[in-house]
Amino acid sequence: MNPTDLIYLDNAATSWPKPPEVAQAMLHSMQQVGANPGRSGHRLSIEAARIVYEAREAVAALFHAPDPLRVVFTANVTQALNLALHGWLRPGDHVVTSGMEHNAVMRPLRALEANGVQVSVVPCSAQGLLDPADVQAALRPNTALVVLNHASNVCGTLLPVGEVGQIARRRGIPFVVDAAQTGGAFPLDMQALGIDMLAFTGHKSMLGPMGTGGLVLGPGVDVERLAPQWQGGTGSRSESEKQPIALPDKYESGTSNAVGIAGLGAAVRWVMAQGVDTIRAHEVALCQQMLDGLLAISGVQVYGPHDAARQTATVSFNIIGMTPSDVGLRLDDEYGVLCRVGLHCAPAAHRTLGTFPGGVVRFGLGVFNTSEQVAAAVAAVSALAREVRP
Amino acid sequence: MSAAYAVLLVDSTSHAIRIEKALVRAGIACRLIPVPRQLSSDCGVCVRVRQEDSAAAQELAAAAGVKIAGFRLLS
């Protein structure tokens with residue numbers, strides 16, 4: 001089957017295709033620039049540093065962050081979350097999170113817990129919904145951080161980050177948001193939502209390449225407390241063997257992914273040129289079509305809120321009587337529909353949804369999917385479901 | 001006779017890029033160059049401007065929110 005005939009519904013794992021400008025920017029970086037950003041003083045090194053800086057500006061603008069120098073690039077959102085969690089929390093601190101988190105949050109928290117950090121996991125409903133009052137009730141005098149997934153990678157449910165941000169701000173507790181599933185696809189204003197540290201990945205709905213991500217630090221974050229998680233060369237203050245304190249260098253030791261960041265900058269500028277609201281409207285329409293189509297099939301169970309307005313364009317389901325892995329394989333082989341099955345690195349979320357350990361089939365819709373593709377995917381699921389329940 | 005220059009020393013290449021953008025926007029000629037060895041042991045880059053623009057350049061850098069780590073005249 002020609003790749004263009006495939007129906008790619010795995011955008012929640014990584015988006016594909018990308019805007020053509022992304023590959024063009026990466027090719028330009030490799031062929032015309034090439035040099036190491038910030039490591040030398042010649043024209044190509046400085047041009048590479050300009051491209052990286054302009055990507056910081058684009059990311060800051062996307063998230064309404066006031067200072068591009070507080071955009072710290074990492075290889076992915078997992079590294080960004082590790083920086084925020086390991087960098088901020090100390091033994092004796094208390095941290096609050098939800099029952100819908102990805103292992104990118106839960107594994108660092110469990111490791112910290114083993115070193116004396118107290119962890120509270122606030123339960124969510126079976127649709128993955130979180131009551132902000134439960135977060136408020138979980139706070140303690142020593143709560144040092146609240147960390148929340150903006151949207152579930154399993155079933156798309158949006159968590160109430162704005163309400164939780166207000167609660168955290170009233171108590172003066174820094175608020176970390178994992179925006180892996182929403183950056184670029186959902187309007188995100190760090191200042192309006194009260195987000196102090198926003199962790200993003202570049203390669204999902206921000207439409208950049210894999211190997212890009214970062215942590216955006218709001219103006220209120222005490223960077224003296226936030227400890228770097230790796231030390232080394234920064235191209236600055238080379239006479240000293242102590243890690244520099246200037247941002248972003250403090251958190252960016254080692255040669256950066258200049259080619260990837262060039263692509264990310266182009267991707268974010270593309271997203272903003274389209275308009276996040278426009279992208280969101282398109283994905284809401286596709287998501288509702290998918291939900292309506294799947295909910296109408298006998299023998300199919302759909303997870304999450306069943307309401308496109310309350311979730312990202314990620315829809316998870318099961319065909320009763322067929323394992324998710326069989327469904328995924330047959331969708332790929334027989335219909336050219338590519339999706340992700342299983343537990344999606346999020347056992348806590350699956351326990352909340354009641355889908356642990358069996359897992360689900362996940363359709364992750366993206367900006368380049370069409371209504372025709374959604375209809376074809378629904379028809380494929382319907383045909384498989386009829387085999388189980390003729 | 002060659003022009004007389006001054007340099008603004010900064011803590012990070014990212015800071016130099018930010019200053020460069022602010023100066024370009026204001027129409028002030030500048031160039032990022034390796035930090036002259038006699039001025040600092042830092043091996044990074046600094047922002048070179050004409051001496052007559054140096055006061056304006058420092059003001060623009062401060063307005064852009066960048067801390068200037070040092071200012072030197074180039075002889």
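In this predicted model, helix H2 of chain A and helix H1 of chain B lie roughly perpendicular to each other, because an angle from 65 to 115 degrees is counted in that way. The angle at which H2(A), residues 43-62, packs with H1(B) is about 80°, and the axes of the two helices are 9 Å apart. From H2(A), the residues that take part in this meeting are Ile46(A), Ala49(A), Arg50(A), Tyr53(A), Glu54(A), Arg56(A) and Glu57(A), and from H1(B) they are Thr13(B), Ser14(B), Ile17(B), Arg18(B), Glu20(B) and Lys21(B). When these residues are sorted by class, the contact of H2(A) with H1(B) is found to have seven charged, four nonpolar and two polar residues.

After H2(B) comes Gly65(B), for which phi is positive, with a value near 80°.

Chain A is divided into two parts, of which domain 1 is made up of residues 3-18 together with 276-388, while domain 2 covers residues 20-274. The centres of domain 1 and domain 2 of chain A, taken over C-alpha atoms, are separated by 27 Å. To the contact between them, domain 1 of chain A gives 34 residues and domain 2 of chain A gives 37 residues.

A further position in chain A is Ser236(A), which is located in the loop that lies between strand S8 (213-217) and helix H8 (258-274) of chain A. The relative accessibility of Ser236(A) is 5%, and because the cut-off for a buried residue is under 20%, Ser236(A) counts as buried. If neighbours within four places in sequence are left aside, Ser236(A) is in contact with Pro244(A) and Asp249(A) of chain A, and also with Asp11(B), Ser12(B) and Asp42(B) of chain B. Between Ser236(A) and Lys250(A), which are 14 residues apart in sequence, the distance in space is 10.0 Å from C-alpha to C-alpha.

Technical notes
Residues are numbered from 1 along each chain as its sequence is written. Chains are lettered from A and ligands numbered from 1 in the order in which they are written. This is a predicted model: local features need pLDDT of at least 70, side-chain atom pairs count only at pLDDT 80 or more; totals for chains, interfaces and linings use all residues. Side-chain values use heavy atoms; hydrogens and water are left out. Helices (H or I, at least four residues) and strands (E, at least two) are DSSP runs, numbered from the N terminus. Axes are lines fitted to C-alpha atoms, for helices over the stretch in contact, and angles run from 0 to 180 degrees between N-to-C directions. Angles under 35 degrees count as roughly parallel, over 145 as roughly antiparallel, 65 to 115 as roughly perpendicular and the rest as oblique. Contact means heavy atoms within 4.5 Å. Ala, Val, Leu, Ile, Met, Phe, Trp, Tyr, Cys and Pro count as nonpolar, Asp, Glu, Lys and Arg as charged, and the others, Gly among them, as polar. Domain bounds come from an automatic or database domain assignment. Buried means under 20% relative accessible area, exposed over 50%, partly exposed in between (1.4 Å probe, protein chains only).
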